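Colleague: Before I plan around this model, could you take me through a few of its features, one at a time?

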Amino acid sequence: MAKNLFIKTYGCQMNVYDSDRMAHSLAAHGYRLVDAAEDADLVVLNTCHIREKAAEKVYSELGRLRRLREARRARDGRELTLAVAGCVAQAEGELLVERAPFVDLVVGPQAYHRLPELLARRARADGAVVDTEFPVESKFDLLEPDQPAQGVSAFLTIQEGCDKFCTFCVVPYTRGAEQSRPVVDILREADGLVASGARELVLLGQNVNAYHGEGPDGRIWGLARLLRRLAELPGLERLRYTTSHPVDMDADLVRAHGELPQLMPFLHLPVQSGSDAVLAAMNRNYSADDFRRVVDDLRAARPDIALSSDFIVGFPGETDADFAATMALVREIGFAQAFSFKYSPRPGTPASGLRRQIADRVKSDRLRELQELLERQAAEFNAASVGSTMPVLLERPGRHPGQLVGRSPYLQAIHVSAGGLTIGDLVQVRVTACHSHSLAGMVVPEAPEPRELPA
């Protein structure tokens, strides 16, 4: 008898990828995905632990699910199994069960491929099953093969874990040391994704540009070489990768941005701060000028490249002058998109024990000032697109009848009339309008092929 599965995903694209893998693994054991927890026999919360609010949202959702389960039992006796996966599970483990003793299963991101086995163990156990061990074998060795593409743009994990140990970040403790998948395995999965309809691949990793996987020649390949090989796949139109670390933007990868037309001119490159003192306290291992030089090199290789970034304000010890340095960096470089947050102490990270923690009021004021600047830059970038013509990959239906939504090379959502078009088409679009969170455009008919005149 089929069982219903609902997965709620928090956080990064890596979690989205992991959720797809969990669903694929559980499908072989009779689980089918549904759109609501109310219809499920098993609910998995795939969690993020980067910020305090993200973790608290998980506990709030667990409280709602507990009430849902109790109401279901009272109504018709049906059971609902509750599982917490991902980084909150890894970071808190047994503490999560103490705080939410009604949870059935806690599984870290290195063990989600064991979900069917863990569910079977839970059925035989009196209490919650917790698996947050880092296994001896690589999770990549146990990935289910032949995962179909979930759309015309597909995620493909090539690297996981982090060796950077930024003082504010829990990722090295929740995802473990850096591991890179072998090139042969990546190419096999990429072939399958393209064969099942993907026209764009987004390569994922906590530090994706630190990729150092074994190639078919037995040598270690970097990300640039892998991108060049993927660009040769017939039918693959676009390549992207995220998330990168400035330290790992080597010269070969910068050159690839100028040499590969499939590599989109949009790069997410977190800088976090424009202050050298704060960057040193964060253990980022680069200066603000180092970041500027990377940006200069990228723009020299690909003049039309646009940048996205991450910023943290209110890091312990951040002075007014430090914050002013961040604002100066943003004004100088200019970002098409950015994510900015108030510093949030994560238990177990070095920064959580630092003195000179910043008052929340000060953090809020700084965040508001920074976000106003970043939002203005993003609006100006989008407005500058009006009147231009660019290739758009159509990905999904729009809200209105006869409308499709695609993505520009710069990840902008663009609405077009669907007349004669289908999802997966790559079309030239002239941008006609800019809205608050999207663009609108008209498809430009392609010029006919020139014909030979008769002699």
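Colleague: Which residue of S10 stands opposite Leu156?

Modeller: This is a predicted model, in which local features need pLDDT of at least 70 and side-chain atom pairs count only at pLDDT 80 or more, while totals for chains, interfaces and linings use all residues. Residues are numbered from 1 along each chain as its sequence is written, and side-chain values use heavy atoms, with hydrogens and water left out. S7 and strand S10 (residues 200–204) pair in the parallel sense over 5 bridges, where strands are DSSP runs of E of at least two residues and helices runs of H or I of at least four, numbered from the N terminus, and pairing requires at least two DSSP bridges. In S10, the residue opposite Leu156 is Leu203.

Colleague: In what order do the 3 strands of the open sheet lie?

Modeller: The edge strands, each pairing on one side only, are S7 (153–157) and S13 (238–242). The pairing is parallel, and the order is S7-S10-S13.

Colleague: Which residues have the most contacts inside the largest nonpolar core?

Modeller: A nonpolar core is a set of buried Ala, Val, Leu, Ile, Met, Phe, Trp, Tyr and Cys residues joined through side-chain atoms within 4.5 Å, buried meaning under 20% relative accessible area, exposed over 50% and partly exposed in between, with a 1.4 Å probe and protein chains only. Leaving aside neighbours within four places in sequence, the contacts of Tyr241 (heavy atoms within 4.5 Å) include Leu203, Val208 and Leu223. The largest core has 57 residues, and those with the most contacts inside it are Leu203 and Tyr241.

Colleague: Is Asn4 buried or exposed?

Modeller: Asn4 is found in strand S1 (residues 3–9), and its side chain makes a polar contact of 2.8 Å with the side chain of Arg32; such a contact is a pair of N or O atoms within 3.5 Å, one able to donate a hydrogen and the other to accept it, and residues adjacent in sequence count only if both atoms are side-chain atoms. Because its relative accessibility is 13%, Asn4 counts as buried.

Colleague: What is the angle between the planes of Phe315 and Tyr343?

Modeller: Rings of Phe, Tyr and Trp (its six-membered ring) pair if their centres lie within 6.5 Å, with planes under 30 degrees apart counted as stacked, over 60 as edge-to-face and the rest as tilted. Both Phe315 and Tyr343 are buried. Their rings form an edge-to-face pair, 5.3 Å centre to centre, with an angle between the planes of 70°.
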